[in-house]
Amino acid sequence: MNDRTTTAPPVLEVRDVTVRFAGLTALDGVSFTVTPGSVHALIGPNGAGKSTCFNVLSGLCRPAEGTVTLGGTELSRLAPHRIAALGVARTFQNIVTTHGTVADNLMLGRHALTRAGFAASALRLPSARREQREHLDRAREIAELTGLGRHFDSPVALLSYGDRKRVELARALCLEPRVLLLDEPVAGMNASERARTAQVVGELRAELGLSVVLVEHDMGLVMRLADDVTVLDFGRRIAHGTPDEVRQDPEVLRAYLGTDATGEDAA
Amino acid sequence: MSDRLLKALTRRRGRLLLLAVVLCLPPFYLDAFWLRIGLFSMAAAIGAVGLALLSGTAGQLSLGHAFFLAVGAYGYAWFAGEPGPGLPPALAALLAVLLAGAAGGLFSPVAARVKGIYLGIATLALVFLGHHVLLTADSVTGGFNGRSVPPLTLGGFAFAESDSELTVLGVPFGAEERLWFLGLALFAFTWFTARGLLRSRPGRALAALRDSETAAAVMGVDVARHRSAAFVVSSMYAGLAGVLLALVFRRVVPDYFSLVLSVDYLAMIVIGGLGSVAGATAGAVFVTALPLLMTRYADQLPLVAAPGSAEGAVGPTEAARYLYGAAIVLVLLYAPDGLHGLARRAGDRVRRRRSRTPADPTDVPSPPQPTAAARPKEHTP
């Protein structure tokens with residue numbers, strides 16, 4: 001159905017990206033490289049520019065300077081739906097699901113992979129119906145994978161907070177992404193929900209070999225999952241390295257973890 | 001499992017067949033007055049389904065629906081009639097629908113960029129512009145007096161009063177009886193296509209646009225393209241409704257296609273329940289039939305004066321407007337998901353009661369339906 005999953009994901013490179021909002025510099029010459037198949041965490045205190053960085057990566061926000069490239073393609077000039085078609089999927093910090101059932105939401109994730117247009121769908125042509133059936137099967141598989149199998153036909157509005165958060169993850173996965181951007185995937189979840197999501201992310205990376213960019217305040221999760229960590233503060237990159245290196249970095253301790261450096265953050 | 005599915009499928013087929021038979025009966029039992037109510041309702045339902053797709057599903061308000069109805073109605077009258085190319089009526093009908101779509105397409109640079117309530121304001125211009133053109137372009141539209149509409153003929157069969165008397169099962173088939181079946185066919189086509197759209201890729205993309213433009217965009221939905229496509233499709237349904245209206249009226253006049261008509265269509269989809277085909281139909285029947293029925297039975301209704309009586313009295317048309325104004329307020333206050341939502345909840349209640357009586361341990365309770373249209377919050381990046 002889709003050959004993107006079989007090939008290794010390309011390198012995602014962020015170079016000297018600067019974003020300004022009317023006098024406020026949200027990102028100031030930020031650079032980092034997401035190596036294929038790795039989990040790259042983006043951390044920093046509130047207002048450090050993590051979500052702005054995600055908005056740049058997914059095309060919702062245009063950088064004033066700098067470039068974002070995926071493989072050989074420059075993303076920073078593309079519209080969001082073109083970036084999605086290249087295999088970059090994201091979730092949001094606050095849940096953004098649409099009206100309807102879990103299935104509806106997951107099938108929205110298949111949008112870029114399907115072709116059926118207005119005419120074919122209105123006339124219910126066999127090609128459109130077949131396509132829908134095949135992709136619905138795959139969406140169901142993904143729902144099972146993320147632990148949403150039994151909620152597949154329930155309205156999203158009735159699900160618990162943790163489940164709705166997972167719907168977003170599953171919807172992003174339905175894009176069969178090569179790069180997955182997760183904006184605080186476990187914020188507001190309880191311990192068992194967190195563990196479950198962490199496990200899913202770990203499995204995904206092992207099975208599908210996709211690159212993951214992760215924004216998260218839960219340091220335990222970051223340290224456990226991430227291969228590389230980039231630390232932002234006031235829009236600037238203040239540290240970069242493996243989780244252990246970053247943990248030792250005095251600049252990080254001062255700016256982000258605070259003086260007692262327990263690694264716990266009220267998410 | 002597959003056995004149950006098969007049973008459910010045949011039950012659905014059976015219900016559809018029954019519905020089709022019931023809908024085919026009125027010409028044999030009801031007089032022209034009731035048939036005209038039915039025909040106006042069908043035409044309104046076709047237009048309302050189009051608007052429901054645009055406003056209910058894609059979240060784009062349009063006050064220009066009357067304009068596209070006019071394009072369809074006048075387009076048909078011009079293509080098929082004199083002055084005009086005088087094409088075969090069936091071809092003229094098709095061209096009129098395409099013309100309405102093209103008119104929607106011409107507006108799409110605006111429709112793709114302007115969203116929600118702002119599009120409503122932008123489309124206001126269309127109604128005034130359209131009305132002005134209808135009044136002044138005499139050679140095409142016939143000006144203030146409008147123009148007569150040539151009847152539709154299909155393979156020698158005229159959907160109008162014709163010289164060759166047609167009697168089916170002892171009932172003489174005049175214009176209304178014949179048009180009834182044409183209306184039914186067009187209405188069925190509208191249901192088939194609109195539901196097909198809503199339940200597949202484009203429909204989901206449009207609903208996503210309404211709920212969160214950002215989420216839709218990052219999931220790969222081309223926002224501008226889908227907005228303009230929704231507008232074009234909605235215009236085409238309006239054009240089809242216009243053609244049917246023209247055939248029923250047998251004469252098109254500019255004053256019918258005013259802003260009030262656009263507002264009527266909005267009332268239909270709000271009363272029926274935004275974004276559902278069944279709801280739009282129910283709302284269309286309610287808004288269309290109510291004034292006609294009240295006019296007919298004005299003398300038997302309290303507080304309603306007969307049409308044309310003393311000034312200051314509330315005539316049936318005004319009374320109908322008060323009634324459906326009240327209906328809109330009631331719907332918005334107590335049933336934001338409209339008649340369609342009310343019907344669904346009532347159905348759920350009946351089903352639950354029925355499943356409760358025979359204690360069936362294997363029966364898994366269905367998840368409760370949301371009581372009101374609960375919608376997730378919009379994300380602002």
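Tutor: The model is a predicted one. In chain A, four strands form an open sheet with antiparallel pairing, in the order β2-β1-β4-β5.

Student: Which strands stand at the edges of this four-strand sheet?

Tutor: An edge strand of this sheet pairs on one side only. In the order β2-β1-β4-β5 of chain A, that description applies to β2 (24-34) and β5 (73-74) of chain A.

Student: How many bridges join β1 and β2 of chain A?

Tutor: Strand β1 (residues 12-21) of chain A pairs with β2(A) in the antiparallel sense. Within this pairing, A:Val14 stands opposite A:Phe32 in β2(A). The count of bridges between β1(A) and β2(A) is seven.

Student: At what angle to β2(A) does helix α1 of chain A run?

Tutor: Helix α1 (residues 50-57) of chain A lies across β1, β2 and β4 (65-70) of chain A. Relative to β2(A), the helix runs at about 65 degrees.

Student: Turning to the six-strand sheet of chain A, which strands are left without a neighbour on one side?

Tutor: This open sheet has mixed pairing and the order β6-β7-β8-β3-β9-β10 in chain A. The strands at its edges each have a single partner strand, so one side of each has no neighbour in the sheet. They are β6 (88-90) and β10 (236-241) of chain A.

Student: What is the average twist from one strand to the next in that sheet?

Tutor: The sheet in question is the open one with the order β6-β7-β8-β3-β9-β10 in chain A. From one strand to the next, its twist averages 15 degrees.

Student: Why is β9(A) described as largely enclosed by the rest of the structure?

Tutor: Strand β9 of chain A spans residues 228-233. A residue is buried if 20 or more other C-beta atoms lie within 10 Å of its own. The strand is largely enclosed because the number of its six residues that are buried is five.

Student: Which residue of β10(A) is the bridge partner of A:Thr230?

Tutor: On one side, four bridges join strand β3 (residues 39-43) of chain A to β9(A), and these two run parallel; A:Ile43 has A:Val231 as its bridge partner in β9(A). With β10(A), β9(A) pairs in the antiparallel sense over five bridges. In β10(A), the partner of A:Thr230 is A:His240.

Student: Which residue in the turn between β9(A) and β10(A) has a positive phi?

Tutor: β9(A) and β10(A) form a hairpin with two residues between them. The residue in the turn with a positive phi, of about 50 degrees, is A:Phe234.

Student: Are α3(A) and α5(A) roughly parallel or roughly perpendicular to each other?

Tutor: Helix α3 (residues 102-109) and helix α5 (residues 126-145) of chain A pack with their axes 9 Å apart, at an angle of about 110 degrees. Angles of 65 to 115 degrees count as roughly perpendicular. The two helices α3(A) and α5(A) are therefore roughly perpendicular.

Student: How many nonpolar residues does the contact of α3(A) with α5(A) have?

Tutor: From α3(A), A:Val102, A:Ala103, A:Leu106 and A:Met107 meet residues of α5(A), including A:His135 and A:Leu136. By class, the contact has one polar residue and no charged residue, and its nonpolar residues number eight.

Student: Which helix gives the largest share of the side of chain B that touches chain A?

Tutor: The contact takes 40 residues from chain A and 29 residues from chain B. On the side of chain B, α9 (175-198), α10 (201-211), α11 (213-218) and α12 (223-249) each supply at least two residues. The largest share, seven residues, comes from α10(B).

Student: Which helices of chain A are included in what covers the buried residues of α10(B)?

Tutor: Eleven of the eleven residues of α10(B) are buried, so this helix is largely enclosed by the rest of the structure. From chain B, the cover includes α3 (32-57), α9, α11 and α12. From chain A, it includes α3 and α4 (118-122).

Methods: Residues numbered from 1 in each chain as written. Chains lettered and ligands numbered in written order. Predicted model: local features only at pLDDT ≥ 70, side-chain atom pairs only at ≥ 80, totals over all residues. Pairing = 2+ DSSP bridges. Axes fitted to C-alpha atoms, helices over the stretch in contact; angles between N-to-C directions. Contact = placed C-beta atoms within 7 Å. Parallel < 35°, antiparallel > 145°, perpendicular 65-115°, else oblique. Nonpolar A, V, L, I, M, F, W, Y, C, P; charged D, E, K, R; others polar. Buried ≥ 20, exposed ≤ 12 C-beta atoms within 10 Å, placed from the backbone.
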